[in-house]
Amino acid sequence: MQVFEKLAEYRYEQLVFCHDKATGLRAIIAIHDTTLGPALGGCRMWPYTTEDEAIVDVLRLARGMTYKAAASGLNLGGGKSVVFGDPHRDKSEALFRSFGRYIETLGGRYIVAEDVGTSTEDANFIRVETSHVVGVDVTRGGSGDPSPFTALGVRQGMRACAEEVFGTASLEGRTVAVQGLGHVGYHLCRLLSEEGARLIVTDLHPEVVKQAAREFGAKPVEPDEILVMPCDILAPCAMGAIVNDGTLPKLRCSIIAGSANNILHEASHGEELAKRGILYAPDYVINAGGLINVADELEGYNERRATRRVMRIYDSVKSIIAISKRDGVPTNVAADTLALERIAAISSMERLHTGHPYGQLSRRRETL
Ligand code: NAD
């Protein structure tokens with residue numbers, strides 16, 4: 001792979017290779033863009049079989065974090081890291097402390113959090129070596145389980161969409177089909193039920209479906225039925241790519257708003273949804289509640305403040321809908337525009353402050 005070419009493609013700032021023979025650490029940190037602030041993003045531990053595979057993954061994920069933070073109004077940039085290894089076999093205190101020392105050398109340009117394959121315990125080990133870590137456990141000033149905040153953000157995004165489509169943000173009496181009753185989906189059902197929404201639910205685990213039926217009066221359906229149920233709002237809270245060529249013609253909802261990542265199989269499916277009159281709440285904006293919550297640790301975690309910030313996902317989704325109308329583009333494109341406009345605005349502001357540490361880097365991004 002031509003690494004510099006790859007970095008130039010989407011204007012990545014930095015790619016850091018970390019190697020420690022003593023602990024067996026092989027890790028890569030990618031910093032995409034720090035215009036808005038230090039790059040924050042999780043550390044993924046995965047048994048990558050090739051270096052190229054890991055580089056492609058870490059770059060893609062880091063860039064995604066830039067957009068997510070920018071569109072969420074956070075003063076953070078985008079970054080991510082990957083550690084080579086099997087999370088069930090290769091973890092040790094020494095490994096994560098070694099990684100923590102590498103993060104420390106970046107002086108706060110990158111702040112690490114949890115991701116697939118890493119846990120609060122790993123974050124605690126990293127914390128011994130550096131303060132540039134969030135998602136440590138509650139006893140160390142951490143913010144705890146992000147899922148209730150993710151669910152709250154999804155509810156806020158739903159309200160913004162409901163206002164646009166139905167003329168009222170209230171979800172009372174709306175029918176919401178929830179796919180996946182895991183950490184986020186179940187919390188979301190509780191919030192929606194409290195608001196008087198009617199629920200249709202499914203999961204691969206029948207017990208949790210029964211529990212939701214009992215607790216919220218939800219109507220249970222089979223996993224392969226949920227996407228075709230007539231409803232006001234479809235909330236994908238399980239896996240990605242559920243909007244694809246196969247499912248698109250069968251959808252019978254007015255709004256799609258859920259926590260799952262990469263809901264659209266391809267970006268072009270956003271256009272297809274718009275053509276069919278289905279309003280799509282872009283995934284990385286509506287599911288940012290967990291990120292907003294964990295980022296609050298950087299100021300000394302305050303749950304009330306974090307909650308207030310998560311509530312603003314309503315405003316972010318409203319802004320995206322406004323940009324979508326202004327530019328005549330689908331909402332997934334409008335979300336990217338919102339992120340890039342914010343970065344461009346701050347970037348040009350930074351140019352006025354010649355002393356800004358990232359002034360040089362920002363200048364490069366005038367055309368973002
Ligand atoms: P989870 O693993 O706790 O729950 C997922 C649930 O979906 C499980 O109960 C699983 O049985 C169910 N499921 C899987 N495939 C299904 C299918 N085909 N049909 C019906 N149900 C199915 O995960 P989570 O933490 O609740 O996250 C849900 C989604 O939201 C994921 O895509 C995740 O990446 C995304 N997300 C989560 C957070 C968070 O704070 N947890 C933040 C941002 C994004």
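Contact here means heavy atoms within 4.5 Å, and buried means under 20% relative accessible area, exposed over 50%, partly exposed in between (1.4 Å probe, protein chains only). Helices (H or I, at least four residues) and strands (E, at least two) are DSSP runs, numbered from the N terminus.

This is a predicted model, in which local features need pLDDT of at least 70, side-chain atom pairs count only at pLDDT 80 or more, and totals for chains, interfaces and linings use all residues. Residues are numbered from 1 along each chain as its sequence is written, and side-chain values use heavy atoms, with hydrogens and water left out.

Helix α7 spans residues 206-216, and its buried residues are Val 208, Val 209, Ala 212 and Phe 216. They lie on the same side of α7 because they cover an arc of only 105 degrees around the axis; the arc is that of the directions from the helix axis to the C-beta atoms. The face turned away from this side carries the exposed residues Glu 207, Lys 210 and Arg 214.

In helix α8 (residues 268-275), His 269, Gly 270 and Leu 273 are buried. These fall within an arc of 110 degrees, so they line one face of α8.

Each helix is followed by a glycine with positive phi:

| Helix | Glycine and phi |
|---|---|
| α7 | Gly 217, near 65 degrees |
| α8 | Gly 277, near 75 degrees |

The whole structure has zero disulfides, a disulfide being a pair of cysteine sulfur atoms within 2.5 Å. For Cys 161, the nearest cysteine sulfur is that of Cys 253, 11 Å away.
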